[in-house]
Amino acid sequence: MGENKEKGDTKGAKGGKCPNCGAARDQEYRPFCSPRCKDVDLGRWFKGSYAVATEETPETEESGDDGGPQEI
Ligand SMILES: [Zn+2]
């Protein structure tokens, strides 16, 4: 019990709020508002994720986000 951690609506969050502090998110650091919030969330993510190793691949930095389509 206790696996049902409110998974928030971070994924389908419409509007544009930093999941960390609730401030307006910045396009450069989305979905966060600043590099700081991003860092904070990352740290939290690591700590909590290590305990629950899933098959999900951490979508870290999204470098190369020039706004163009990504060809894989
Ligand atoms: Zn924030």
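Is phenylalanine 32 buried or exposed? Phenylalanine 32 is buried, because 22 other C-beta atoms lie within 10 Å and the cut-off for a buried residue is 20 or more. Keep in mind as you explore that this is a predicted model.

**The overall picture**
- The protein chain has one helix and zero strands.
- Of its 72 residues, 8% are buried, and phenylalanine 32 is one of the buried residues.
- Take the contacts between residues at least 6 apart in sequence: 0% of them join residues at least 24 apart.

**Around phenylalanine 32**
- You will find phenylalanine 32 in the segment before α1, the helix that covers residues 35-51.
- Setting aside neighbours within four places in sequence, phenylalanine 32 is in contact with Cys18, Asn20, Arg25, Cys37, Lys38 and Asp41.
- Proline 19 sits 13 residues away from phenylalanine 32 along the chain, and their C-alpha atoms are separated by 6.5 Å.
- Glycine 22 is 10 residues from phenylalanine 32 along the chain, with 8.6 Å between the two C-alpha atoms.

**Glycine 22, for contrast**
- Glycine 22 also belongs to the segment before α1.
- Is glycine 22 buried or exposed? Glycine 22 is exposed, because it has 10 other C-beta atoms within 10 Å and a residue with 12 or fewer counts as exposed.

**A cis peptide bond**
- Which kind of peptide bond leads from arginine 30 to proline 31? This bond is cis, with omega near 5 degrees.
- Most peptide bonds are trans.
- Arginine 30 counts as partly exposed, because 13 C-beta neighbours fall inside 10 Å, which is between the limits of 12 or fewer for exposed and 20 or more for buried.
- Lysine 17 is 13 residues from arginine 30 in sequence, and the distance from C-alpha to C-alpha is 8.8 Å.

**How confident is the prediction?**
- The mean pLDDT of the protein chain is 72, and 50% of the residues reach 70 or more.
- Over residues 8-13, pLDDT stays under 50.
- For residues 8-13, the model has three contacts beyond four places in sequence.

Notes
Residues numbered from 1 in each chain as written. Predicted model: local features only at pLDDT ≥ 70, side-chain atom pairs only at ≥ 80, totals over all residues. Helix = DSSP H or I, 4+ residues; strand = E, 2+ residues; numbered from the N terminus. Contact = placed C-beta atoms within 7 Å. pLDDT = per-residue confidence, 0-100.
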